[in-house]
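Please look at the sequence and the model shown below.

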Amino acid sequence: MAKKGSGREVKKRKPSEEALAAGMELIRSSPLFSRLAGSYLIRKKEQLGQSMAIVHSDCSILLNSDVLLKPEEWAYVIAHALLHSAFGHFDKDHLPGYDKVAENGTVERKIYFDHQLWNMACDIYIAKFLADIKFGSPVYVIPESIPHMGRDELQIYEYLLEHGVPEGLYCGTARPGVMDMVGLDKPMTYEEQSKYWWRQNKRPTEQFAEALAYSVSSAVSEAGGYDYEKLRKKTAAKEASEWFINHYPLLGGLATGFKIIEDNKLCEAEQISVAAVNVEDREIYVNPAAKLSADELKFVLAHEFLHAGLQHHERCQGRDRYLWNVACDYVINGWLKELHVGEMPQDGILYDPEFKDYSAEEIYDVIVRDIRRYRKLNTLRGYGMGDVIGSGFQEDPKGNMRVDDFCRSALQQGLEYHIADKRGLIPAGLVQEIRALAMPPIPWDVELGRWFDIHFQPLEAKRTYARPSRRQGSTPDIARPRYVPADIPEHSRTFGVVLDTSGSMNVKLIGYALGAIASYSAAKEVPYARVVFCDADAYDAGYISPEDIAGRVEVKGRGGTALQPGVDLLITAKDFPKDAPILIITDGFIEDDLKVKREHAFLIPKGRRLPFREKGEVFYFTGEE
């Protein structure tokens, strides 16, 4: 998005361009490939056709931004192109040929070889290397015959000369039949290679040796519990993060689990003006151009840590993501001001004393009534954008714990350490939220069962001599009564079901919800439910046994859903008890002024939200239990 007042907008990137950018980020984060020589030039399919990447002998790499690959596949393709130069595939002294003794006794290196076959041999060797180190995701199938072709490029080249190319074999990054190496007709000497500024007067092969040594050292250090990157100079943001680890136990555990990334280009690409957090990748992005002081950095990092620890990405629950982010910002910044953590920056901080002691959910309900005012506020990421990126639900790369579970556990332990060490007072609202997150959530079907318990008390059995007990036969001289259920009017023990059958409803999820209703109805001895199907119109299906409701459901796929006629039909029905509760099953795409003037509850799919402030209970159901 262009800056406010610029009068023009930046064109949104295509999915293929987004994936390419993500793949290049994977290369930049690799200890090995981030240190290799390469100049990236983005091209279109009009210039490269169906080729993914082409590498020139001067280490320039052409990348086709119109090819749609996954980020891991793009990382594989770029690594492949980098390794052509790193392995010396363009070097004169590496190419196949023969030695000829001149008349003066000197040895002359005669270069004569099949360019396309040499390119293929180099591609095969790189494919073997990337498979061994398990980097990226291959974009081609590696034949089982490859390991038997030879140990290096020259042996593979000679194998292909002798046996021919196996049918269907292709391991390059250009389209089949096209070489992905350009410049083999003019192989370069050491002096020619060293003149390019991005190589720092070193051959690509020398750079690869250094990068490989650095990568191995990083891996060994990490396995030993030591961060090899600490040898490098610490930035102000990383020092602020370490301050939390050493001096602030409440957030110290979270600080250990998040990587601080300070990259101007990345922040510019992601439109991050000050900072943002990606919980899924466990990364916090800080824009160096914001030029924050040490105390401001502490405030900003604490802000992002709390977003992650308090599960704000998970608790969105179908709300507008940006407005929910704004509501959470107001809460966090109010707490940090009370905690006196660092110094509040001037830009991107939302703070309003009127929201003191409000929860994020309560603030959200306030601001959705005045969307014009709150739609374009300036967060730490920028105008009209939230600073919470990603969705969680990922495994911890160092164990079997979900990222969400790690954040929740780290914040809970931090609270206990903070209180035990008497590090200062913590706002009651923050303590309450942390304590609540520590409690496992109650499954939706259990909550629904409790709702049935409230409205349908167990029936008391009565004794009757009209039906003797089965034990009567053993003692014919002793009369024994039998227990039988109490007699109740046919429709006195019932409830209403208003079921949204519009095309936006998921049939599978409807089945899960109705299955739970049927099981609890049977357990509570509720013989029938009064059912009304709704989409654009209401259809009264009458009294149906709960287990038969699913067989009567038909998702009609008509226009918008109006549930008010269905609710009114039930309430005004003469044969429907005045005190019977109503259960409304919908996806939330309904009118915004639904009125239900009796006991009721809603069942909606997880991730959706009702367009009004509900008065009855709401159960968010899924099909995963």
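This is a predicted model: local features need pLDDT of at least 70, side-chain atom pairs count only at pLDDT 80 or more; totals for chains, interfaces and linings use all residues.

Which residue is the bridge partner of C534 in strand 15? The bridge partner of C534 in that strand is A538. Residues are numbered from 1 along each chain as its sequence is written, and side-chain values use heavy atoms, with hydrogens and water left out.

**Overall content**

The protein has 20 helices and 18 strands, where helices (H or I, at least four residues) and strands (E, at least two) are DSSP runs numbered from the N terminus. Of the 625 residues in the protein, 47% are buried, a term that means under 20% relative accessible area, computed with a 1.4 Å probe on protein chains only. Among the contacts (heavy atoms within 4.5 Å) with a separation of 6 or more, 65% are accounted for by residues 24 or more positions apart.

Six strands form an open sheet with mixed pairing, in the order 15-14-13-16-17-18; two strands pair if DSSP finds at least two bridges between them. Strand 15 and strand 18 (617-621) stand at the edges with a single partner strand each, so one side of each is left without a neighbour in the sheet. Neighbouring strands of this sheet are turned by 20° against each other on average, direction ignored, with axes taken as lines fitted to C-alpha atoms (for helices over the stretch in contact) and angles running from 0 to 180 degrees between N-to-C directions.

Strand 14 and strand 15 form a hairpin with three residues between them, and these two strands run antiparallel, joined by six bridges. Strand 13 and strand 14, in turn, run parallel and are joined by seven bridges. Strand 14 is mostly covered, since six of its seven residues are buried. Individual bridge partners, including one from another sheet, are listed here.

| Residue | Bridge partner | Strand of the partner |
|---|---|---|
| R530 | Y543 | strand 15 |
| L499 | F533 | strand 14 |
| L41 | L62 | strand 3 |

In helix 20 (residues 564-572), the buried residues are Q564, G566, V567 and L570. Seen down the helix axis, these buried residues fall within an arc of 165°, so they line one face of helix 20; the arc is that of the directions from the helix axis to the C-beta atoms. The cover over the buried residues of helix 20 includes strand 13 (494-500), strand 14 (528-534), strand 15 (538-544) and strand 16 (582-585).

Strand 1 pairs with strand 3 (residues 60-64) in the parallel sense over five bridges.

**Helix 8 and helix 9**

The axes of helix 8 (residues 236-247) and helix 9 (residues 249-257) come within 7 Å and cross at roughly 125°. Helix 8 and helix 9 are therefore oblique to each other, given that angles under 35 degrees count as roughly parallel, over 145 as roughly antiparallel, 65 to 115 as roughly perpendicular and the rest as oblique. The contact is made by S241, F244, I245 and H247 of helix 8 together with P249, L251, G252, A255 and T256 of helix 9.

Definitions and conventions: Buried means under 20% relative accessible area, exposed over 50%, partly exposed in between (1.4 Å probe, protein chains only).
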